[in-house]
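The report then goes through them group by group.

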Amino acid sequence: MGAKAKKAMKKQLSKASAQLSVSTHNKEAAATAADFLPLEGGPARKLPEEKPKEDVAKVLYIGRIPHGFYEKEMEGFFGQFGVIKRLRIARNKKTGKSKHFGFIEFEDPGVAKVVAETMHNYLLFEHLLQVHLIPPQQVHPKLWKGFNYRVKPLNWVQIERKRHDKERTLEEHKKLVEKILKRDLKRQKRIEAAGIDYECPEIVGSIEQPAPKKRKTDRKKVDLIGMKSKH
């Protein structure tokens, strides 16, 4: 291959490479230009149309719930709007008393939106209800754990009776009597500070030995002995 043929081959290769570089540069420029807004009617890339987000929230937060407006009453009241899937009122774990806020989940998200719009700041038993939609991503995973459980109120009279009537050891009896004496001394000091001349009666009781408890069996025996003595 001669020197002239080599020069001609080099010229052809250089022209082809130049054309390729120009074409790639033009393509990159067009792609970058499409990302920007058109200037004075120039070409622009069409952005995909965003569809309006559908209302998916079904859970409602309800605050400032008045006393007496509990699960049964709320199911009857809010059930007028639509089908309730789940309902829960926050309660104290120890006493079972209402904390005056709760949550409702409807089956239809449209119903939940209507309830949030109509019942927010609704006056009920001198309380303005606070009703808000909760987005699905903000709903706690353990929110509905044990929502079917209904708290039974504790019988505090029975609990206090058992505590009072239980059999105490000698140490427990001593502590009980000491507390009673301390309270009595504080009461005497308050009476003296008020300028009242009064002698408080002495407390009768033994610290060394607790008083015996009367049992039902002992009472029955006494009644039987009394019946026999009469006959």
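Is Glu71 buried or exposed? Glu71 counts as buried, because its relative accessibility is 9%, and the cut-off for burial is under 20%. Keep in mind that this is a predicted model.

**Salt bridges**

Side chains of opposite charge can pair when their charged atoms come close. In the whole structure, a search finds 4 salt bridges.

| Glu105 | Arg86 | 2.7 Å |

Arg91 has another partner to look at. It lies over the face of Tyr70, at 4.9 Å from the ring centre.

Next come Glu105 and Arg86, whose side chains meet in a salt bridge. Glu105 is in strand E3 (residues 98-106) and Arg86 is in strand E2, so the pair ties together parts that are 19 residues apart in sequence. Glu105 counts as buried, at 8% relative accessibility. Arg86 is partly exposed, with a relative accessible area of 24%. Arg86 also lies over the face of an aromatic ring, that of Phe147, at 5.9 Å from the ring centre.

Asp184 counts as buried, with 9% relative accessibility. Arg187 is partly exposed, and its relative accessible area is 40%.

**Helix H5**

How far apart are the end C-alpha atoms of helix H5? They are 35 Å apart. Now check that against the length of the helix. H5 has 24 residues (170-193), and at 1.5 Å a residue it should span 34 Å, so the two values agree. The buried residues of H5 are His173, Val177, Asp184 and Ile191. After H5 comes Gly195, with a positive phi near 80°.

**Aromatic rings**

A pair of aromatic rings is described by the distance of the centres and the angle of the planes. The structure holds 8 aromatic pairs. In one of them, the ring centres of Phe69 and Phe77 are 5.9 Å apart and the planes stand at 80°, so the pair is edge-to-face. Phe69 counts as buried, at 6% relative accessibility.

Phe77 also pairs with Tyr122. Their ring centres are 6.2 Å apart and their planes are at 45°, so this pair is tilted. The pair of Phe77 and Tyr122 links distant parts of the chain, 45 residues apart. Phe77 is in helix H2 (residues 71-78), while Tyr122 is in the loop between helix H3 (109-119) and strand E4 (123-124). Tyr122 is partly exposed, with a relative accessible area of 35%. Together, Phe69, Phe77, Phe78 and Tyr122 form one aromatic cluster.

**Nonpolar cores**

In soluble globular proteins, nonpolar side chains tend to be buried together. The largest nonpolar core here has 18 residues. Which of them touch the most other members? They are Ile62, Met74, Phe78 and Phe106. Strand E1 (59-63), H2, E2, E3 and H3 each give two or more residues to this core. The largest share, 5 residues, comes from H3.

Look closely at Phe106. Leaving aside neighbours within four places in sequence, its contacts include Leu60, Phe78, Ile84, Val111 and Val115. Another core, of 6 residues, lies apart from the largest one. Among its residues are Phe103, Ile134, Trp144 and Phe147.

**Positive phi values**

Phi of His100 is positive, near 70°. His100 lies in strand E3 and is partly exposed, with a relative accessible area of 35%. Phi of Phe125 is also positive, near 50°. Phe125 sits in the loop between E4 and strand E5 (127-128). At 60% relative accessibility, Phe125 counts as exposed.

Technical notes:
Residues are numbered from 1 along each chain as its sequence is written. Side-chain values use heavy atoms; hydrogens and water are left out. Helices (H or I, at least four residues) and strands (E, at least two) are DSSP runs, numbered from the N terminus. The expected span of a helix is 1.5 Å times one less than its number of residues. Buried means under 20% relative accessible area, exposed over 50%, partly exposed in between (1.4 Å probe, protein chains only). Rings of Phe, Tyr and Trp (its six-membered ring) pair if their centres lie within 6.5 Å; planes under 30 degrees apart count as stacked, over 60 as edge-to-face and the rest as tilted. A charge sits over a ring if NZ of Lys or CZ of Arg is within 6 Å of the ring centre and within 35 degrees of the ring normal. A nonpolar core is a set of buried Ala, Val, Leu, Ile, Met, Phe, Trp, Tyr and Cys residues joined through side-chain atoms within 4.5 Å. Contact means heavy atoms within 4.5 Å.
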